Amino acid sequence: MKIKNICCIGAGYVGGPTMAVIAQKCPEINVTVVDINEERIKAWNDKDVENIPIYEPGLPEVVKEARDRNLFFSTNVDAAIDKADMIFISVNTPTKTYGIGKGMAADLKYIELCARQIARVSKTDKIVVEKSTLPVRTAEALKNILDNTGNGVNYQILSNPEFLAEGTAVDDLMDPDRVLIGGDIDTPAGKDAVEALVDVYAHWVPRERLLTTNVWSSELSKLTANAFLAQRVSSINAMSELCEKTGADVNEVSKAVGMDSRIGSKFLKSSVGFGGSCFQKDILNLVYISKSFGLNEVADYWEQVIIMNDHQKRRFAAKIVQTLFNTVSGKKIALLGWAFKKDTNDTRESAAIYVADYLLNEQAEIVVYDPKVKTEQVYADLDYLNSRSSEENRTRVKVVNTPYEATEGAHAVAVLTEWNEFKALDWQKVYDEMLKPAFLFDGRRLLEKETKKKIGFEFYAIGS
Ligand code: UDX
Ligand code: UDX
């Protein structure tokens, strides 16, 4: 079976870049990305490709090449489903904020809505691909809905989890370590569906990196990979606190440990805490699934990764208060960076939100600078926590357009995202324009301790 028309539901951080790369690499396949959010689709169709809604290095070029050739963005979900042989589901699956599993389980309502819509519209056989990260055995629920509410057409469900990291999405998609495709490989129809998706990726990914498994293994592998990565960050962050007490330096420890080839050097960078849309959500999900099978020890084991991460964010904010003579009330504190990591405008679960919230509770005045995050997003993130009224957030938090505006007249500056431009700042100028003593808190271990000390900052970096 050769795929001619692909539809992807969800034009977000995953759906957008993934489909753009598939379209670029497979010019004979028509790819339509649909979304219920009209603004978002409008932005994807903006004449100036620099205005697409997701900031991701290299993405504008890919979109420019494929858009209106075989890559289309639309709000007409029904039409795209109807035409497609293969439908990717790439809608968001946030942590539930209500009812059973509140604060832990993944909210699958959007997934279910997609399934019902596909069932209602489809008049020909479809391959449905789970792209969103889902709890293990979601495919079963999808199949159930499709088979019982549909028009009698046949469905194959595949799991094809996305391993791209934001900020490097295009590179990750062009040259993935592996592509995982789970399907019903024990039946001929299931095998065909898996092969059809393998053929899509084989346009640019070497066959030996295309890994096929059963559906459940594929679903669970995604959660496992994210849990392992997050665990490494929490492990090194746990050590960062011990380093501070003992005079060890976490960078040196990290290097020494990472050179052990059994351990490896990646994901050992100590930070103010991991953020992003996946790590916390996926681990909470893993914890919830484990609990629901009665596996309490397994649940507790993974939950500790989250507990450590929350501790790290709080610890960093508390350090600021403590260092500023135990009060930040009425003091101006500059936050450099709001995104959860560099090279993305995504702020979901960013440590900056929690640090700001903590400081606002201590009555600080906050000024934020981030090169790619929009002002409204900063306020939306704070409002979402519901710690105070949105008017208060707007009076107590300012968002500015240059780093120097943020730091001028500030008591303290905290680096919360590792944007390259922060390394290159004129730190002497920053220091000169701050109140003295001027405090600098480095949550990303971005800056050389020696240079900052020479300038005269009271300097704190995580883990040293
Ligand atoms: C993805 C995955 O889907 C998620 O499971 C993974 O763990 C993180 O990454 P992401 O692409 O980052 O989500 O989410 P987002 O940027 O919010 O995009 C989802 C899009 O789906 C939104 O634009 C939203 O408008 C759209 N959507 C949602 C629909 O079109 N229909 C719906 O019913 C729900
Ligand atoms: C992650 C996974 O890497 C990706 O495979 C999956 O598909 C989605 O989730 P992403 O959330 O985009 O990707 O970012 P990632 O680069 O994994 O970083 C997550 C968080 O951990 C960031 O806040 C980052 O700053 C932090 N981190 C990462 C550290 O604090 N230290 C490290 O050494 C590495």
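**Ground rules.** I noted that this is a predicted model, in which local features need pLDDT of at least 70 and side-chain atom pairs count only at pLDDT 80 or more, while totals for chains, interfaces and linings use all residues. Residues are numbered from 1 along each chain as its sequence is written, chains are lettered from A and ligands numbered from 1 in the order in which they are written, and side-chain values use heavy atoms, with hydrogens and water left out.

**Salt bridges.** I counted a salt bridge where a side-chain nitrogen of Lys or Arg is within 4 Å of a carboxyl oxygen of Asp or Glu, and the structure holds 24 of them. Lys143 and Asp147 form one, with their closest N and O atoms 3.0 Å apart. For accessibility I took buried as under 20% relative accessible area, exposed as over 50% and partly exposed as in between, with a 1.4 Å probe and protein chains only. Lys143 is partly exposed at 30%, and Asp147 is partly exposed at 42%.

I then turned to Glu162 and Lys131, whose closest N and O atoms are 2.8 Å apart in a salt bridge. Because Glu162 lies in the loop between strand S6 (155-159) and helix H7 (169-174), and Lys131 in the loop between strand S5 (126-130) and helix H6 (138-149), the pair ties together parts 31 residues apart in sequence. Glu162 is buried at 10% relative accessibility, and Lys131 is buried at 2%.

I also looked up Asp78 and Arg120, which meet in a salt bridge at 3.5 Å, N to O. This pair links helix H4 (residues 77-83), which holds Asp78, to helix H5 (residues 109-121), which holds Arg120, across 42 residues. Asp78 is partly exposed at 29%, whereas Arg120 is exposed at 51%.

**Helix packing.** Lastly I checked helix H12 (residues 296-323) against helix H13 (residues 351-361), and their axes come within 9 Å and cross at roughly 40°. The two are therefore oblique, the class left after angles under 35 degrees (roughly parallel), over 145 (roughly antiparallel) and 65 to 115 (roughly perpendicular). Among the residues in contact (heavy atoms within 4.5 Å), I noted Phe316 and Ile320 in H12, and Tyr354 and Leu359 in H13.

Notes:
Axes are lines fitted to C-alpha atoms, for helices over the stretch in contact, and angles run from 0 to 180 degrees between N-to-C directions. Helices (H or I, at least four residues) and strands (E, at least two) are DSSP runs, numbered from the N terminus.
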